[in-house]
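Please read them alongside the model.

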Amino acid sequence: MNTRSPRATTRGFDSAHFRQALSQFATGVTVITTRLADGSFRGLTASSFNSVSLEPPLVLWSLGAGANSMPIFSGNSHYVINVLAAGQQDLALRFSRRGTDDPFVGVEYELSRTGLPILKGVSAWFECHNRSRYPEGDHVIFVGEVEECAVHPQPALLFHGGRFGATG
């Protein structure tokens, strides 16, 4: 099935306006984690997470095409999506920073069955097989097939209008 359509008509807004409009949609906050070939870990903050299918269990998230971690997440067979709970804003900020400091230093986590970090205190986590990737615009959409997951019901960390908040 061909799912591509002709290009949209000329738009009457710029990227800054579009970004501001998107900021009005409250999203949950996740940290995606994986393991590098040398055994060290990589993680990044993402709010672009969504469910896709119940059968098979599929979820998606996206990453900027030019991100330094693109080769890692594109090449690895598995990753864990950690859904942050209210009060975990520091983790969201820690894993959103670029730099040489290891964001896992001082962070509590346990290892999944495939040896990937599951952050302590999260409201849910999904260990995913890296099923497929779709380049679209300036991002790549990752579809993960969930092999394991857990839930710990509690208020969620939200991001809206450029600020963190919480449910409930």
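1. Which residue in E12 is the bridge partner of Leu 158? In this predicted model, the partner is Gly 165. The pair belongs to an antiparallel contact in which four bridges join strand E11 (residues 157-160) to E12.

2. The open sheet that holds this contact has three strands in the order E1-E11-E12, with antiparallel pairing. Strand E1 (27-28) and strand E12 (163-166) are at the edges and have a single partner strand each, so one side of each lacks a neighbour in the sheet.

3. Strand E9 pairs with E6 and with E10. Six bridges join E9 to strand E6 (residues 78-83) in the antiparallel sense, and His 129 in E9 is the bridge partner of His 78. With strand E10 (residues 139-151), E9 forms 12 bridges, again antiparallel; here Arg 133 has Phe 142 as its partner in E10.

4. E9 and E10 make a hairpin with two residues between them. In that turn, Gly 137 has a positive phi of about 60°. Most residues other than glycine have a negative phi.

5. The bond from Glu 55 to Pro 56 is cis, with omega near 0°, and Pro 56 is placed in the loop between strand E4 (49-53) and strand E5 (58-64). Most peptide bonds are trans.

6. The salt bridges come to five. Arg 113 and Glu 127 form one of them, at 3.6 Å from N to O. Arg 113 lies in the loop between strand E7 (109-111) and strand E8 (117-119) while Glu 127 is in strand E9, so this pair ties together parts 14 residues apart in sequence. Arg 113 counts as exposed at 52% relative accessibility, whereas Glu 127 is buried at 0%.

7. Arg 113 also meets Glu 147, at 2.2 Å from N to O. Glu 147 is in strand E10, so the pair ties together parts 34 residues apart in sequence. Glu 147 is partly exposed, with a relative accessible area of 35%.

8. Glu 148 is another partner of Arg 113, at 3.8 Å from N to O. This pair links distant parts of the chain, 35 residues apart, with Glu 148 in strand E10. Glu 148 is partly exposed at 36%. Through shared partners, salt bridges join Arg 113, Glu 127, Glu 147 and Glu 148 into one network.

9. The second largest pocket has a volume of about 160 Å³. Its lining includes Thr 3, Arg 4, Tyr 134 and Ile 141. Strand E9 (residues 124-136) gives the largest share of this lining, three residues. By type, the lining residues are three nonpolar, two polar and two charged.

Key. Residues numbered from 1 in each chain as written. Predicted model: local features only at pLDDT ≥ 70, side-chain atom pairs only at ≥ 80, totals over all residues. Heavy atoms only, no water. 1 Å grid on protein atoms, 1.4 Å probe; cavity = no way out; pocket = protein on both sides within 12 Å on 5 of 7 lines; lining within 4 Å. Points joined across faces, edges and corners; volume = space filled by probe spheres on them. Nonpolar A, V, L, I, M, F, W, Y, C, P; charged D, E, K, R; others polar. Pairing = 2+ DSSP bridges. Salt bridge = Lys/Arg side-chain N within 4 Å of Asp/Glu carboxyl O. Buried < 20%, exposed > 50% of the residue type's maximum accessible area, 1.4 Å probe, protein only.
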